[in-house]
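Reader: I'm new to this one. Can you walk me through it?

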Amino acid sequence: MFERFTKDAREVVQGAVAHAERAGVRSIGAEHLLLALLDREGSRASFAFAALGLAERKDSLREALAEARRRAGLTRADADALAGLGIDVTEIVSRVEEAHGPGALSGDRRDTGGWPGRRTFEQDAKDVLEGALRAAVGRRDRRIGDEHLLLALTVRPGVPAEVLADHGVTQESLRRVLYGEGTAQAG
């Protein structure tokens, strides 16, 4: 599949690996792919971010991802469901961080050796890569670009899709910006 990736898409995957390495975690998740997309300039995905007014609000996206990681990767819907059962996620996070330090629930297992530089992809990241392939095939594109990765992130349920939607980036808005879908066509 990677042979079909454009240079931009390959750089996103490499950027995701770099984000995981900087964080000291063993595996690459969907949030690392989103962080790498936020770093891009001069690509189709960066064009979409700019067209949707996100170019100057990328830090807000990064902060929202960090906050979700602090909540052990729970979406707001997850936290709301737990609140319905009388479980206050914010209180639990505060108590755990008080006892074990900031970010204790982040799930980031620090690299303790093993194969240096060797990172695996979590299932959610694999699902995004497969979703990008489906998005490209669905459009009859021969190559998989970073815009297909971004589209795949909006479709897969989870924190990255929630954070993107909170900032106005949905599959529909991306398709409108990237492909002109959903707008009136002259006739």
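This is a predicted model: local features need pLDDT of at least 70, side-chain atom pairs count only at pLDDT 80 or more; totals for chains, interfaces and linings use all residues.

Reader: How many salt bridges does a search of the whole structure find?

Author: The search finds 7. A salt bridge here is a side-chain nitrogen of Lys or Arg within 4 Å of a carboxyl oxygen of Asp or Glu.

Reader: Which residue does Glu11 meet in a salt bridge?

Author: Glu11 meets Arg40, at 2.9 Å from N to O. The pair links distant parts of the chain, 29 residues apart: Glu11 is in helix H1 (residues 7-23) and Arg40 is in the loop between helix H2 (30-39) and helix H3 (44-51). Helices (H or I, at least four residues) and strands (E, at least two) are DSSP runs, numbered from the N terminus.

Reader: Is Arg40 buried or exposed?

Author: Arg40 counts as buried, at 12% relative accessibility. Glu11 is partly exposed at 27%. Buried means under 20% relative accessible area, exposed over 50%, and partly exposed in between (1.4 Å probe, protein chains only).

Reader: What about Arg62, which residue is its salt bridge partner?

Author: The partner is Asp39, with the closest N and O atoms 3.1 Å apart. Arg62 is partly exposed at 25%, and Asp39 is partly exposed at 39%.

Reader: Changing topic. Which residues of H1 are buried?

Author: They are Ala9, Val12, Val13, Gly15, Ala16, His19 and Ala20. Seen down the axis of H1, they fall within an arc of 160°, so they line one face of the helix. The arc is that of the directions from the helix axis to the C-beta atoms.

Reader: Why would residues a few places apart point the same way?

Author: An α-helix has 3.6 residues a turn, so residues three or four places apart do that.

Reader: And what covers the buried residues of H1?

Author: The cover includes strand E1 (27-28), H2, strand E2 (120-121), H7 and H8; contact means heavy atoms within 4.5 Å. The face turned away from the buried side carries the exposed residues Lys7, Gln14 and Arg22.

Reader: What comes after H1?

Author: Gly24 follows H1, with a positive phi near 75°.

Definitions and conventions
Residues are numbered from 1 along each chain as its sequence is written. Side-chain values use heavy atoms; hydrogens and water are left out.
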